[in-house]
Amino acid sequence: MIRTVRSLLPDSARPRLGAYAAASVVSVVLRAVGAVLFVPLLSALFGAAPSDALVWVAALTVATVLGWAVDAFAARLGFALGFGMLDNAQRTVAERISRIRLTWFTADNTATARQAIAATGPDLVGLFIYLFTPLLSALLLPVAIGLALLPVAWPLGVAALLGTPILLAAMWASARLSRRADRAASDANAAVTERILEFARTQSALRAARRADSARSLAGDALQAQHSSVLRLVLMQVPGQILFSIAAQLALVLLAGTTVVLAARGGIDAPQAVALIVVIVRYLEPMTVLATLSPALESTLAVIERIRTVLDAPVDGHGPGTSEATTAPHIEFRGVSFGYGDTQVLHDLDLVIEAGSSTAIVGPSGSGKSTVLALIAGLHAPDAGSILVDGVDASSLDAETRRRLVSAVFQETALVDGTIDDNVRVGDPEAPAHAVEGALRAARADGIAARLGRGKVGERGAALSGGERQRVSIARALVKRAPILLIDEATSALDTENEAAVVDALHSASDRTRVVVAHRYASIAGCDRVVFLDGGRVVEQGGVDELRRAGGRFAAFWREQGESGAWRLRASRSEA
Ligand code: ADP
């Protein structure tokens, strides 16, 4: 906690921290002096010359007024520190969130990040005034009073000093017991909130699968867990509270007993004994106050822990600025089965796609190639098995994060009736002009942009050919800085220009994990790996040359491609 608080304070606040600590100590000393001044005051009042007490009243007044001044000064510093910390914490957390690896954003972590930014204000601003000030006084005032008692009635001073650590230990144990319960309750609450949101979001899918009954859903399980944690909370808080109040009462009896024994032995007189009992009450006061602060302490600790969780999350090597650019992830299909309705398309598929590699998915029509891309993009969820992105189950990821991970070009292009620039910027509305130009060049769509200028592409891109639409879609996918790039090579527009566009796009996105459903020689040749699918199963996989040498299905496909490529070359020559 101390480490996090220090790291959240802006550097400029460090000197103020020292002044705040010094003021807090002075305030404690003044209050201890004020408490112990009661002893000579009462002695004088009940002594031979009661008017002597006026001197002690004056001293007490001075100590009290000085104490107010110091407290006001400490409070001003405390608020300034709190606001400085809030400002700095929100900025630090926001900056960090823009650099955290996307796969960290599971539904739970996303909720934590949201709370770390949104729900921190009052807790952080009041941290010093409402928490540190009473905490310091509970720790220091009993010790200061104990020390001040030593010259007045040393056995009582010793008892007060010995009692302090015991009382604080009892309080710490109480707080620990309730903190465990609170944490369980807060985890259960967070889970319920997320599950209810998820339950609402996935209604259509659940209803389609006839699983909309809330009691049988994950939301039902989370509600059940919350219910039992509330019960646990009640049971755990009771011993926590009893423990401290028993310790405080024992201390009172012990100290009052010591005073009575001292008076009985004639060490002190009756007025002194009364005054000392007043001092004992003042001694216990700050600790009792602190015990009532424990819920606030818990909530502040939870806020700080959430901030810590965000600050400790794994970040990517890129600085802020390159907003979405995060390191290319590793993708793995583990026993994935999937079908549309009753027709099963993928059967228990295992597939590993290395981080930052390029993979060509090849196979006969209907073998499930496009379906594999749709599953990586999160358009469908596996019926069985799981898809892991950097080892994180993709189904646990927040929907927004899932969307940010993937940039995809599907067979069905979805162009809007705007300029080429408008269409490319769908990928990233904030992309700078040079990024849009670069993407257009890499997708070989710069010629189209030059031809159309500010002209519109027509409804669904009607003013463009099929190949041109595909190339604009590739430029759009490139401009979105997602760490996974998926391209489904158009079968309807297999011209040389498109073939080259796919090759160039794959090449220009070498910092991403790339998967292409490829039909043509050129697109496959540059890929690190080939996966040959048939009937929803992987029948061959390996490097291009390795599979060609193996003389299996891929080698046969490759020969056919070579022949059709040669045919196309001949055809275009005879046209010329
Ligand atoms: P490929 O890309 O290898 O040609 P697909 O993944 O597109 O194969 O399709 C695999 C099988 O799933 C095919 O039989 C196809 O008809 C079927 N299919 C694909 N998409 C759908 C869909 N949206 N609804 C129903 N069936 C589909």
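This is a predicted model: local features need pLDDT of at least 70, side-chain atom pairs count only at pLDDT 80 or more; totals for chains, interfaces and linings use all residues.
## Basis of the model

Local features need pLDDT of at least 70 and side-chain atom pairs count only at pLDDT 80 or more, while totals for chains, interfaces and linings use all residues. Residues are numbered from 1 along each chain as its sequence is written, and side-chain values use heavy atoms, leaving out hydrogens and water.

## The interface

Eight residues of domain 1 are in contact with 10 residues of domain 2, contact meaning heavy atoms within 4.5 Å. The two domains bury about 780 Å² between them, with 64% of it on carbon and sulfur atoms. Buried area is the accessible area (1.4 Å probe) that two parts lose on being put together, summed over both. Of the area that domain 1 buries against domain 2, 64% is supplied by L102, T103 and F105, more than by any other three residues.

Zero salt bridges are found across this interface, the rule being a side-chain nitrogen of Lys or Arg within 4 Å of a carboxyl oxygen of Asp or Glu.

## Residue N423

N423 counts as buried because its relative accessibility is 0%, where buried means under 20% relative accessible area (1.4 Å probe, protein chains only). Apart from neighbours within four places in sequence, N423 is in contact with L415, V416, G418, V457, V472 and R476.

Notes. Buried means under 20% relative accessible area, exposed over 50%, partly exposed in between (1.4 Å probe, protein chains only).
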